Amino acid sequence: MCLGFSRVFPKGRKNAAGEVKEAIVKEIPTAKVDAMELDLSSMESVRKFATEFNSSGLPLNILINNAGIMAVPYMLSKDNIEMQFATNHLGHFLLTNLLLDTMKKTAQESGREGRIVNVSSNAHRYTYYEGIRFDKINDKSGYNSLFAYGQSKLANVLHANELARHLKEDGVDITANALNPGAIATNLFRHSSVLSVKIHDCVHLIASHEEYFALILDCLISANLRLKMFSRRSCNHMLLGIASTGEGGDRPIFFGL
């Protein structure tokens with residue numbers, strides 16, 4: 001068992017997913033880890049991944065929508081959608097939707113609450129004046145890389161809240177939450193020199209990878225996530241706008257990353 005989970009599926013670039021698998025197995029030799037390739041900016045890749053996973057017949061208790069890019073120069077995805085919105089929101093939205101039936105089936109058959117976590121950001125507060133510019137997603141002339149990032153993170157929060165509402169109305173034993181992990185020591189800021197300088201000045205507030213995953217695990221295995229409002233945590237860590245369903249329970253038997 002790996003932290004109470006019976007199987008771990010890192011998803012992402014082939015090399016990166018392989019590195020995650022290697023690190024987990026090195027730490028816990030008995031862990032069952034399968035790496036699968038997925039490009040979240042490509043809807044074709046998302047559909048291919050979901051089809052392959054659903055066809056495997058394996059259960060799915062937990063889905064962490066974690067991957068993302070930040071403040072990149074203007075560019076379009078393979079589907080001609082602004083890259084940050086495509087990668088940070090639409091890819092995760094489609095993936096969740098395509099895996100949801102498997103999660104519902106797993107929750108019902110296992111008797112264990114399923115959990116979906118969208119890793120958002122405090123940047124969801126700092127977006128365009130209109131919020132999410134649905135009618136101007138691909139507008140190059142008005143593009144602001146930081147506002148576009150905030151727009152995608154706001155979409156993560158709204159997605160989690162609306163999904164939680166639907167799950168509750170349907171009586172499904174699955175929670176949906178949006179999580180702000182705070183500043184993490186990654187290369188996410190590489191496209192913004194301004195943010196890189198600010199982060200360097202606040203290095204004492206930056207969380208390590210271990211602290212980041214500890215926060216996510218806290219969200220996953222906590223017995224009670226029935227919060228109905230903002231729940232602030234230390235050092236800018238918080239659960240954002242949670243409207244969870246379910247009563248909590250045993251540890252999940254599957255961990256999707």
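**Helix packing, an aromatic pair and confidence**

In this predicted model, helix α2 passes helix α3 in a right-handed crossing. Two packed helices are described by the angle between their axes and the distance between those axes. Here α2 covers residues 43-56 and α3 covers residues 83-110, and their axes come within 10 Å and cross at roughly 25 degrees. With angles under 35 degrees counting as roughly parallel, α2 and α3 are therefore roughly parallel to each other.

As for who touches whom, α2 brings Met43, Val46, Arg47, Phe49, Ala50, Phe53 and Asn54 to the contact, and on the α3 side they meet Ala86, Leu90, Gly91, Leu94, Leu95, Leu98, Leu99 and Thr102.

Turning to the aromatic rings, the count comes to 2 pairs. One of them joins Tyr74 and Tyr143, with ring centres 5.2 Å apart and planes at 75 degrees, so the pair is edge-to-face. Tyr74 sits in the loop between β4 (62-65) and α3, while Tyr143 sits in the loop between β5 (114-119) and α4 (145-169), so the pair ties together parts that are 69 residues apart in sequence.

How far can the coordinates be trusted? The protein averages a pLDDT of 75, and 64% of the residues score at least 70. Confidence is highest in α3, at 96, and lowest in strand β7 (residues 231-232), at a mean of 31. Residues 195-207 have a pLDDT below 50, and this stretch has 17 contacts in the model beyond near neighbours in sequence. Over residues 225-257 pLDDT also stays under 50, and the model has 120 contacts for them beyond four places in sequence. Where pLDDT is low, the predicted coordinates should not be read in detail.

Terms used:
Residues are numbered from 1 along each chain as its sequence is written. This is a predicted model: local features need pLDDT of at least 70, side-chain atom pairs count only at pLDDT 80 or more; totals for chains, interfaces and linings use all residues. Side-chain values use heavy atoms; hydrogens and water are left out. Axes are lines fitted to C-alpha atoms, for helices over the stretch in contact, and angles run from 0 to 180 degrees between N-to-C directions. Helices (H or I, at least four residues) and strands (E, at least two) are DSSP runs, numbered from the N terminus. Angles under 35 degrees count as roughly parallel, over 145 as roughly antiparallel, 65 to 115 as roughly perpendicular and the rest as oblique. A crossing is left-handed if the near helix is turned anticlockwise from the far one by less than a right angle, and right-handed if clockwise. Contact means heavy atoms within 4.5 Å. pLDDT is the predictor's confidence in each residue, from 0 to 100. Rings of Phe, Tyr and Trp (its six-membered ring) pair if their centres lie within 6.5 Å; planes under 30 degrees apart count as stacked, over 60 as edge-to-face and the rest as tilted.
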